[in-house]
Amino acid sequence: MSDLTKEEMEALIQEVIEVYPEKALKSRKKHLAINDPGLDQSQNCITANKKSDPGLMTIRGCAYAGSKGVVWGPVKDMIHISHGPVGCGQYSRAGRRNYYIGTTGVNTFVTMNFTSDFQERDIVFGGDKKLDKLIDEIETLFPLNKGITVQSECPIGLIGDDIEAVSKKKKEEIGKTVVPVRCEGFRGVSQSLGHHIANDSVRDWVLSARDDDDSFATTDYDVAIIGDYNIGGIAWSSRILLEEMGLRVVAQWSGDGTLAEMELTPKVKLNLVHCYRSMNYISRHMEEKYAIPWMEYNFFGPTKTVESLRKIAARFDASIQEKCEAVIAKYQPEWEAVIDRYRPRLEGKRVMLYVGGLRPRHVIGAYEDLGMEVIGTGYEFGHSDDYDRTLKEMGDATLLYDDVTGYEFEEFVKRLKPDLIGSGIKEKYIFQKMGVPFRQMHSWDYSGPYHGFDGFAIFAKDMDMTLNNPCWSKLEAPWRQAGAKTTVAA
Amino acid sequence: MPKVMIRKNANGELTCYIAKKDLEAAVVSIEHDRSDCWGGELTLSDGSVYYLEPLSVPPELPITLRARRPNPA
């Protein structure tokens with residue numbers, strides 16, 4: 001529950017968007033809603049996955065960001081070529097903190113930038129020859145790579161280069177997987193389509209590689225972690241819990257993941273999907289082709305983690321369920337101590353979120369475990385099925401905003417006065433300068449991991465550190481504070 | 001003629017996923033759901049209606065099928 005009633009909230013939205021010209025007002029109105037947990041279908045209240053209005057400051061990315069930055073980028077033993085001008089790859093290089101184990105530049109390549117560095121002549125004459133040569137150079141310089149992906153930037157689609165033909169040719173020549181990915185930035189309305197395109201390229205070029213090969217010894221307890229990008233190590237803190245309860249994690253998609261793991265995924269018994277938005281596509285495909293069921297889970301905050309662990313265990317036999325209870329019992333004193341310590345310091349504080357993927361709904365439970373309340377949430381690039389899943393998680397008369405604009409977000413914060421905001425780097429300094437405590441929820445503000453029981457301790461500490469930081473009472477200059485002594489002229 | 005994927009969700013209800021529209025919606029009603037005939041008109045929870053060529057046996061789910069707009073009656 002927020003302090004405002006539904007009517008007041010509606011008036012607030014109206015007031016904020018009033019300044020827009022008529023056309024923009026009409027379109028933005030559909031993206032802002034007041035939550036009603038009783039609804040089943042979000043379509044009745046909020047529109048999502050639509051093109052951002054020109055002139056409004058959006059926080060979205062592009063299809064290339066969704067493919068290279070999110071889905072393919074963390075696959076550590078492959079080289080991902082940013083095919084096109086140098087900027088796209090260089091300015092997004094190593095920004096996402098996808099942790100991995102390996103020696104960078106020898107057998108792992110996540111934080112490096114490989115680009116074909118398009119020049120005018122490549123645009124005029126085509127860049128296929130350059131790509132061909134580039135792959136040869138990569139093979140000479142980094143022979144331990146397991147495969148190559150060609151991530152198209154905008155010009156590739158515009159000039160009509162045939163990267164598929166080059167990829168097929170080079171695949172023959174070097175005998176490794178070469179994946180062309182048609183993720184030109186202009187496709188779609190946000191990075192979301194990039195996820196889809198990347199998933200489709202995995203399906204078409206990678207997944208069936210070991211279909212006729214039974215040499216991999218499987219067990220009944222094989223699972224794959226799907227849609228966990230190991231940002232600050234979150235996939236690891238999830239993995240240890242699954243392994244402790246007796247499951248064997250065959251693959252991590254794609255944080256700290258490898259090409260071999262991806263190829264082996266069709267052999268698992270269950271796909272565990274963390275980020276539904278970016279990897280539901282491949283899970284659906286595997287369910288249909290290989291009859292591998294998939295389920296969503298949530299490892300943020302002890303309540304949700306316990307719930308998810310039990311839900312996962314229920315898919316297996318009694319031995320797993322027993323171990324699952326043992327794991328829960330083992331960590332219970334730990335997380336209870338965390339709650340005992342931090343809950344009194346954070347109780348009743350109100351949070352506004354604006355993130356992407358799964359976090360706008362998944363982290364709500366973690367905040368609630370600390371006695372905090374989420375009064376507004378929104379997705380950068382969510383679809384209506386994301387909002388369907390969000391309605392139930394949020395309280396009555398809380399605010400939902402899809403693809404919120406810079407202006408709207410600022411205004412909402414000014415009026416709702418949350419105690420904490422969780423969003424990204426582009427919002428961080430605006431809100432900190434406005435005097436509102438802020439945590440980046442994309443990169444965990446260079447902290448983390450936040451998954452699992454170990455992660456919850458870090459989460460609680462970080463939230464406390466941010467919210468109860470003494471700096472927030474020092475924002476006003478001493479001579480401007482109420483009750484300050486008037487200065488005496490010297 | 002979009003491709004749709006029909007699957008059962010955790011509660012055993014039919015859901016329909018339309019890749020082209022990136023839309024996941026519950027199936028509210030299906031015209032034929034018998035052991036000898038499966039398919040026909042499909043109503044989704046968002047109100048849209050699709051037509052699946054009826055199959056002679058209920059398919060193994062999940063399955064991807066071609067759907068088309070219903071015949072204007």
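Biologist: How many residue pairs are in polar contact between chain A and chain B, and what makes a pair count?

Modeller: Five residue pairs, both residues at pLDDT 80 or more, are in polar contact between chain A and chain B. A polar contact needs a pair of N or O atoms within 3.5 Å; within protein, one must be able to donate a hydrogen and the other to accept it, and residues adjacent in sequence count only if both atoms are side-chain atoms. This is a predicted model: local features need pLDDT of at least 70, side-chain atom pairs count only at pLDDT 80 or more, and totals for chains, interfaces and linings use all residues. Residues are numbered from 1 along each chain as its sequence is written, chains are lettered from A and ligands numbered from 1 in the order written, and side-chain values use heavy atoms, with hydrogens and water left out.

Biologist: How do you know that A:R389 forms a salt bridge with B:E24?

Modeller: The closest N and O atoms are 3.2 Å apart, and the rule asks for a side-chain nitrogen of Lys or Arg within 4 Å of a carboxyl oxygen of Asp or Glu. So this Arg–Glu pair qualifies. There are three salt bridges between the chains.

Biologist: Why is B:E24 called buried?

Modeller: Its relative accessibility is 13%. Buried means under 20% relative accessible area, exposed over 50%, and partly exposed in between (1.4 Å probe, protein chains only), so B:E24 lands in the buried class. Its side chain also makes a polar contact with the side chain of A:R284, at 2.9 Å.

Biologist: What makes up the contact between the two chains?

Modeller: Chain A brings 17 residues and chain B twelve, with contact meaning heavy atoms within 4.5 Å. The area buried between them is about 1,200 Å², 42% of it from carbon and sulfur atoms; that is the accessible area (1.4 Å probe) lost on putting the two parts together, summed over both. On the chain A side, A:R284, A:E287 and A:E288 lose the most, together 43% of what that side buries.

Biologist: Why is strand 11 of chain A described as largely enclosed?

Modeller: Four of its five residues (373–377) are buried, so the rest of the structure largely encloses strand 11 of chain A. Strands here are DSSP runs of E, at least two residues, numbered from the N terminus.
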